[in-house]
Amino acid sequence: MKFLSGYWSDRVHKRKVFVVVGYGLGAVSKILIAVATLWPFVLFARFIDRLGKGIRTSARDALLLQNTTKNNKGFIFGFHRAIDSLGAVIGPLLALLLMHYLNENMRLTFVIAFIPALIGVVLLMLFVKEKSSPPSTEGKKNIIRISWKEINPSLKLFFVISMVFAIGNSSDAFLILRSKQLGLTTTLVVLAYVLYNVIQTLFATPGGQLADKIGARKVYAIGLAVFAFVYFTFGFINNPVWIWVLFPIYGIYIAFTDGVSKAYISEFITERESGTYFGIYQTGTAVCQFLASFIGGMLWTIFGASVTFWYGGLMATVALLVLGFGKFSKRI
């Protein structure tokens with residue numbers, strides 16, 4: 001859906017409607033979970049939630065791009081990453097408090113979670129303005145055509161690097177499982193993950209600003225190096241104390257890659273076709289990350305947890321080496 005919605009938003013020259021529908025489905029999913037009586041209904045609600053994320057993501061990034069200049073792309077995408085991470089800090093903490101004071105009434109907790117989700121949709125509808133798009137040069141058809149041969153070589157190489165990295169970037173669930181394997185309780189694991197999101201929040205905006213100053217390529221390389229260090233170290237540690245060191249460092253990785261990668265891509269594309277390009281990138285990395293989690297699970301089962309993390313660190317190192325030797329534009 002990230003690709004399809006991004007492409008369609010380019011064709012109709014509309015971004016906001018996809019973003020509103022996407023966040024709206026995310027809000028509705030919480031109510032559906034609250035009233036669910038059978039597990040298939042919960043699965044359906046989760047499907048609705050993921051569908052919403054797929055619909056909104058590419059169009060949202062294209063909407064953000066509308067509000068950037070050539071000198072602040074990193075800042076804009078980094079700031080968005082920071083605010084998103086802030087929600088990931090506050091949300092789990094509020095959920096833990098609600099579960100405690102509501103005697104673990106999960107249904108009521110999901111009903112309450114619906115309220116800020118709804119407020120977000122209302123604020124989006126009322127206050128976020130969409131800039132008018134330029135008229136199509138192809139009349140009413142307005143077909144977006146992208147040829148691999150015509151894509152900037154630097155952007156091609158970045159796509160390849162991103163896929164190489166993503167195929168080793170397995171789900172964060174493996175980090176959580178490893179933390180529990182080393183002896184942390186569920187509550188402590190949640191708090192460690194919250195700490196990871198705190199660091200994301202603190203460093204995402206400065207990371208984007210740094211990309212605007214020294215170039216997205218250099219900042220992205222730092223992020224890959226941090227990821228490789230964390231994953232290699234996760235494979236070696238046996239003391240749970242290290243979790244409280246590695247999770248915050250891991251937060252720097254996402255702060256220096258998520259928004260920065262979008263800022264880099266936007267240097268080579270126009271706003272008119274941005275939904276399609278963002279969709280291609282996000283769908284490609286999502287498919288590779290799915291494969292990474294499958295491979296990671298197989299390695300964990302057959303060879304043990306350490307090999308899963310060494311594999312992820314190795315792929316990040318390969319991506320970093322290709323990034324270092326690749327022929328990127330001087331600007332980036």
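His13 sits in the loop that links helix H1 (2-12) to helix H2 (16-35). Its phi is positive, about 60°, although His13 is not a glycine. This comes from a predicted model. The protein has 13 helices and zero strands, and its average pLDDT is 91.

- Most residues other than glycine have a negative phi.
- His13 counts as buried, because its relative accessibility is 17% and the cut-off for buried is under 20%.
- Glu104 also has a positive phi of about 60°, and Glu104 is not a glycine either.
- Glu104 belongs to the loop between helix H4 (73-101) and helix H5 (106-127).
- Is Glu104 buried or exposed? Glu104 is exposed, because its relative accessible area is 62% and exposed means over 50%.

**Overall fold**

- Read along the sequence, the pattern is α-α-α-α-α-α-α-α-α-α-α-α-α.
- What radius of gyration does the protein have? The value is 20 Å, which agrees with the figure near 20 Å for a compact globule of 332 residues.
- The C-alpha trace spans about 60 × 50 × 35 Å along its principal axes.
- Of the 332 residues, 46% are buried.
- Take the contacts between residues at least 6 apart in sequence: 82% of them join residues at least 24 apart.

**Helices H12 and H13**

- Helix H12 covers residues 274-303, and helix H13 covers residues 305-325.
- Their axes come within 6 Å and cross at roughly 145°.
- The crossing of H12 past H13 is right-handed.
- Which residues of H12 meet H13? They are Ile295, Gly296, Leu299, Trp300 and Phe303.
- On the H13 side, the partners are Ala305, Val307, Thr308, Phe309 and Tyr311.
- By class, this contact has eight nonpolar residues, two polar residues and no charged residues.

**Pro92 in helix H4**

- Pro92 lies in helix H4.
- Pro92 is partly exposed, because its relative accessible area of 30% falls between the cut-offs of 20% and 50%.
- Leaving out residues up to four places away in sequence, Pro92 touches Gly87 and Val194.
- How many residues separate Pro92 and Val190 along the chain? They are 98 residues apart along the chain, with their C-alpha atoms separated by 7.7 Å.

**Val21 in helix H2**

- Val21 lies in helix H2.
- Val21 counts as partly exposed, at 39% relative accessibility.
- Val21 and Gly259 are 238 residues apart along the chain.
- The C-alpha atoms of Val21 and Gly259 are separated by 23 Å.

**Confidence**

- A pLDDT of at least 70 is reached by 95% of the residues.
- Over residues 328-332, the pLDDT is below 50.
- In the model, this stretch, 328-332, has 19 contacts beyond near neighbours in sequence.
- Where pLDDT is low, the predicted coordinates should not be read in detail.

Key: Residues are numbered from 1 along each chain as its sequence is written. This is a predicted model: local features need pLDDT of at least 70, side-chain atom pairs count only at pLDDT 80 or more; totals for chains, interfaces and linings use all residues. Side-chain values use heavy atoms; hydrogens and water are left out. pLDDT is the predictor's confidence in each residue, from 0 to 100. Contact means heavy atoms within 4.5 Å. Helices (H or I, at least four residues) and strands (E, at least two) are DSSP runs, numbered from the N terminus. Buried means under 20% relative accessible area, exposed over 50%, partly exposed in between (1.4 Å probe, protein chains only). Axes are lines fitted to C-alpha atoms, for helices over the stretch in contact, and angles run from 0 to 180 degrees between N-to-C directions. A crossing is left-handed if the near helix is turned anticlockwise from the far one by less than a right angle, and right-handed if clockwise. Ala, Val, Leu, Ile, Met, Phe, Trp, Tyr, Cys and Pro count as nonpolar, Asp, Glu, Lys and Arg as charged, and the others, Gly among them, as polar. The radius of gyration is taken over C-alpha atoms; the globule rule is 2.2 Å times the number of residues to the power 0.38.
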